[in-house]
Amino acid sequence: MTVGEDVLIVGAGPTGLVLAIELARRGVVPRVIDAGAADHRESRAVSIVARTLEVLDDLGLAEDALERGIPLHALNFYQGTTTLAEMDVTAVDSPFPYDLCIPQWQTVSLLRERVEELGVSIEWGTRLLDHEAGEHRVTVDLQHADGRRERCATRWLIGADGAHSTVRETAGIGRQRADLQRAFILGDVAADWPLTRDRFHVYFARSGLVAVFPMAGGYWRILANTAGTANTAGTTTAGTTSTGGTAGSPPAAPGLDDFSALVADRTPLDSRLRDLQWSSSFVARESLAERLRDGRVLLVGDAAHNHSPVGGQGMNTGMQDAYNLGWKLALVVTGDAAETLLDSYHAERRPVARAVVDATSTTTKVVTGGTLVARRARRHALRLLGRLNPVQQRLSNAFGEHLVHYRDSPLVFQRWTESPARAWNDLADAGPQPGDVMRDVHLERRDGPVALRHLLRGPGHHLLLFAADTTDPATLAAWRSAACAAMAGHGEAHLITRGHLPPGLAGGVAADPRSQAHNRYGVRRPSLYLIRPDKYVGYRGDSADLAAVDDYFLALTAPHAVRTV
């Protein structure tokens with residue numbers, strides 16, 4: 001296979017890099033271009049949420065990310081010196097129950113190291129000028145850093161090139177757009193503040209908000225809204241005075257004086273700031289592409305959806321777009337699935353993008369509302385939030401993106417004949433539904449304890465066959481053999497026994513001695529869970545009948561077997 005012949009990714013930010021990794025580790029090495037420079041340090045995104053950390057864990061990068069970032073366990077809200085609420089962000093059903101504060105350029109650095117290990121080269125200073133999509137190929141016109149023009153063809157063109165996507169524009173894909181009329185400045189500074197560095201801190205005042213986030217090296221990221229809207233936006237690496245901008249709008253490149261003035265006006269913190277590392281200003285706008293797939297052109301990340309940074313969902317949502325698309329596109333490119341499988345990408349991810357745009361729009365308006373009524377309502381809501389644990393738990397899962405599901409997807413189903421509620425004891429629940437993210441548990445193997453998520457690492461599907469009370473070695477061996485046969489060419493099969501490991505069975509078997517896994521998955525009798533490569537439940541059934549597994553893979557391989565939405 002010629003490198004880049006099948007897939008051209010335009011954009012080497014976090015989203016494009018995750019997609020490149022997902023393709024390359026499945027044997028499809030894409031061509032990746034980016035109009036920017038290799039040393040560009042874009043740093044607007046500041047946190048990685050729980051679900052995205054799970055994605056990085058599957059890619060083998062979570063440990064490195066944790067070494068470079070700061071885990072955050074709470075979100076504190078203040079008005080002056082009064083604490084309005086403290087929201088626990090650790091109440092999320094994840095092996096990574098926190099947000100990780102890490103500059104975007106550090107995240108990009110980790111991902112670039114991995115794509116290079118997988119044999120992917122990034123062509124910096126190379127931009128897409130135009131493209132023409134045909135029935136079987138996409139012809140693209142490129143311009144390299146030295147001005148040289150190139151015309152070439154690819155089977156699939158991916159737009160990961162941001163909010164001003166050339167791929168989207170040249171494809172003629174329309175989008176819904178709105179200006180939130182909220183302008184912000186942000187930057188990284190040094191300051192001597194007596195703040196706990198394991199949480200976000202948000203200060204509200206009559207004139208607006210100031211949010212501060214701990215950064216590595218003792219720095220703080222400041223995000224603050226300004227009056228009016230910006231006419232220009234830019235970035236600087238250091239400075240002490242404002243440049244650009246007009247009355248009522250933020251400067252194009254905010255300086256220390258700009259941040260100091262807002263800190264002094266809206267917080268009780270020391271406004272003597274120093275050592276500005278990076279700054280930018282922007283207007284919060286939102287957009288949503290009408291479709292994420294147009295024939296052989298697909299959009300991911302900000303090219304598909306763009307919204308306010310409040311809530312920290314943008315980069316995370318884009319990386320999860322890529323995680324959803326990568327395994328599907330690889331199956332199509334290698335001929336192991338029909339092209340109609342890619343319709344499920346739009347069906348699954350556009351509703352997620354719609355929900356994120358709506359939620360961040362509402363949140364931005366609420367937290368920046370300056371009228372007396374808005375301020376009183378916000379203060380009352382935050383005080384209630386600080387006292388209601390169930391609400392905090394739901395918000396924690398929402399911020400961690402663990403409420404994202406694909407239950408309405410054309411690609412998930414179940415054959416659950418009896419009520420799955422209450423498995424072995426009162427701690428049990430109904431288990432994840434088809435379209436829900438998998439749940440991590442700890443199991444025992446002959447070589448020691450293991451987390452289920454680590455058993456499921458790798459690029460394929462994984463079949464979990466829960467044995468429940470079945471202990472007969474011959475029956476278990478037969479189930480294990482049949483499960484391996486059903487998964488041949490698709491992934492791995494894992495037999496999970498309730499109790500101790502049965503004698504005579506070798507690899508692919510794990511024990512659940514305390515019934516933790518059976519309880520977490522709502523299993524009362526022998527049952528199947530088929531976990532997709534993106535770690536969502538594709539199928540579940542309350543029997544050991546493997547015919548439904550065959551039906552699932554038929555839906556991947558047969559043309560038009562996957563209905564579109």
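Author: N316 sits in helix α7, which covers residues 314-333. Its relative accessible area is 1%. That is under 20%, so N316 counts as buried. The N316 side chain reaches the backbone nitrogen of V49, at 3.0 Å. Leaving aside neighbours within four places in sequence, N316 is in contact with S47, I48, V49, T52 and E401.

The protein averages a pLDDT of 86, and 87% of the residues score at least 70. Over residues 421-427, the pLDDT is below 50. That stretch still has 20 contacts in the model beyond near neighbours in sequence. Residues 561-565 also have a pLDDT below 50, with 14 contacts beyond near neighbours in sequence. Where pLDDT is low, the predicted coordinates should not be read in detail.

Two backbone angles also deserve a check. Most residues other than glycine have a negative phi. D275 is not a glycine, yet its phi is positive, about 55°. D275 belongs to strand β18, residues 274-289. With a relative accessible area of 38%, D275 is partly exposed. A468 is the other case: a residue other than glycine, with a positive phi near 55°. A468 lies in the loop between β25 (461-466) and α12 (473-487). At 1% relative accessibility, A468 is buried.

Notes: Residues are numbered from 1 along each chain as its sequence is written. This is a predicted model: local features need pLDDT of at least 70, side-chain atom pairs count only at pLDDT 80 or more; totals for chains, interfaces and linings use all residues. Side-chain values use heavy atoms; hydrogens and water are left out. pLDDT is the predictor's confidence in each residue, from 0 to 100. Contact means heavy atoms within 4.5 Å. Helices (H or I, at least four residues) and strands (E, at least two) are DSSP runs, numbered from the N terminus. Buried means under 20% relative accessible area, exposed over 50%, partly exposed in between (1.4 Å probe, protein chains only). A polar contact is a pair of N or O atoms within 3.5 Å; within protein, one must be able to donate a hydrogen and the other to accept it, and residues adjacent in sequence count only if both atoms are side-chain atoms.
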